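Visitor: I would like to learn how to read a structure that is new to me, taking one feature at a time. Could you give the general idea first and then turn to the case at hand?

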Amino acid sequence: MDSKEKVPIGLAFSGGSALGIAHIGVIKALSENNIPISCVAGTSAGSLVAAFLAFDIPLKKMIEISKKIDWSIISEFAYSKFGFKSNEPMRKIIFEAIGDVKIEDAKIPLAIVATDIDTGEEIIFRKGDVAQAILASTCLPGIFVPIQENGKKLVDGGLVENLPLSPLKNMGAKIRIGINLRHNNKKARDIFGVIANAYNVLSDAQSLSLAGKAEFIIEPNLKQFNSLDFEKQDVLIEEGYNATISMLPRLKKRIFMTKLKQRQKGFIQKIFDFFRFEKEY
């Protein structure tokens with residue numbers, strides 16, 4: 001395919017803790033169908049998967065990493081008035097997967113979303129340390145100690161844009177695809193359940209309002225899961241895969257029509273250039 005015919009496609013990976021594993025199924029389906037991705041954006045759990053894709057981590061390795069992750073692996077006890085746990089252990093996971101790298105060195109343009117908890121400002125990382133940006137984006141407020149960055153206290157990006165579609169527009173995506181990990185709350189049995197459910201209510205409502213900014217929304221069937229189901233990797237990946245496969249006919253049609261319009265526009269431009277050349281010479 002001529003590079004001029006490529007249609008810039010952007011993926012927005014939403015947050016969802018363990019449910020973020022479903023994003024891997026989305027990537028698997030798109031890869032098998034040769035759908036090229038031009039830019040990616042991620043929030044919370046989606047930021048980790050977005051980074052994996054942006055740095056061209058093999059699908060097999062993504063799946064292997066997902067099977068090693070659970071709550072005890074990604075967190076540790078912390079002594080702070082701002083939280084009683086830290087997500088610092090995630091840094092090791094990131095280093096082992098993609099190394100100590102910069103966002104701007106990604107093979108696919110990457111954006112990671114976090115929140116300044118003091119001001120409510122949305123922070124979009126387009127450059128800088130990948131691990132630091134992911135730690136900020138996955139920092140669940142009320143549990144994890146905020147990430148200090150440039151004098152700001154940063155927490156989970158899901159507070160401001162759980163489905164990070166706005167960065168895709170700024171990165172030039174002509175077709176924007178949002179992967180929204182909606183699910184039902186489960187009965188809260190402890191403080192973790194209370195915070196998780198409160199956060200889910202907020203992020204789901206917010207994602208619905210943002211969904212209109214995408215031409216395609218992929219919503220895996222995750223009603224039977226919750227945000228702590230790290231041990232259900234295979235089923236979560238399958239749900240992400242199936243939801244994407246069902247959307248592909250519409251996406252392929254949209255890509256074809258976009259290419260057709262680009263060709264028509266290019267042909268008209270050539271005619272215009274020809275007559276302008278004749279007039280000038």
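Visitor: Which residues touch the most other members of the largest nonpolar core?

Guide: Before that, please note that this is a predicted model, in which local features need pLDDT of at least 70 and side-chain atom pairs count only at pLDDT 80 or more, while totals for chains, interfaces and linings use all residues. Residues are numbered from 1 along each chain as its sequence is written, and side-chain values use heavy atoms, with hydrogens and water left out. In soluble globular proteins, nonpolar side chains tend to be buried together. A nonpolar core is here a set of buried Ala, Val, Leu, Ile, Met, Phe, Trp, Tyr and Cys residues joined through side-chain atoms within 4.5 Å, where buried means under 20% relative accessible area, exposed over 50% and partly exposed in between, with a 1.4 Å probe and protein chains only. The largest core has 72 residues, and Val 40, Ile 98, Leu 110 and Leu 251 are those that touch the most other members. Leaving aside residues up to four places away in sequence, the contacts of Val 40 (heavy atoms within 4.5 Å) include Leu 11, Phe 13, Ile 108 and Leu 168.

Visitor: Which residues of helix H5 are buried?

Guide: An α-helix has 3.6 residues a turn, so residues three or four places apart point the same way. Helices (H or I, at least four residues) and strands (E, at least two) are DSSP runs numbered from the N terminus. In H5, which covers residues 90–98, the buried ones are Met 90, Arg 91, Ile 93, Ile 94, Ala 97 and Ile 98. Seen down the axis, they fall within an arc of 160°, so they line one face of the helix; the arc is that of the directions from the helix axis to the C-beta atoms. Lys 92 and Glu 96, on the other side of H5, are exposed, whereas the buried residues pack against helices H2, H3, H4 and H6.

Visitor: How many aromatic pairs are there, by the rule used here?

Guide: A pair of aromatic rings is described by the distance of the centres and the angle of the planes. Rings of Phe, Tyr and Trp (its six-membered ring) pair if their centres lie within 6.5 Å, and planes under 30 degrees apart count as stacked, over 60 as edge-to-face and the rest as tilted. The count comes to 2 aromatic pairs. Trp 71 and Phe 144 have ring centres 5.7 Å apart and planes at 20°, so this pair is stacked, and it links parts of the chain that are 73 residues apart. The rings of Phe 77 and Tyr 79, with centres 5.0 Å apart and planes at 85°, form an edge-to-face pair, and both residues are exposed.

Visitor: How many salt bridges does a search of the whole structure find?

Guide: A salt bridge is a side-chain nitrogen of Lys or Arg within 4 Å of a carboxyl oxygen of Asp or Glu, and the search finds 9 of them. One of these joins Lys 153 and Asp 118 at 2.8 Å, N to O; Lys 153 lies in strand E8 and Asp 118 in the loop between strands E5 and E6, 35 residues apart. Another joins Glu 88 and Arg 91 at 2.6 Å, and salt bridges that share partners bring Glu 88, Arg 91 and Asp 129 into one network.
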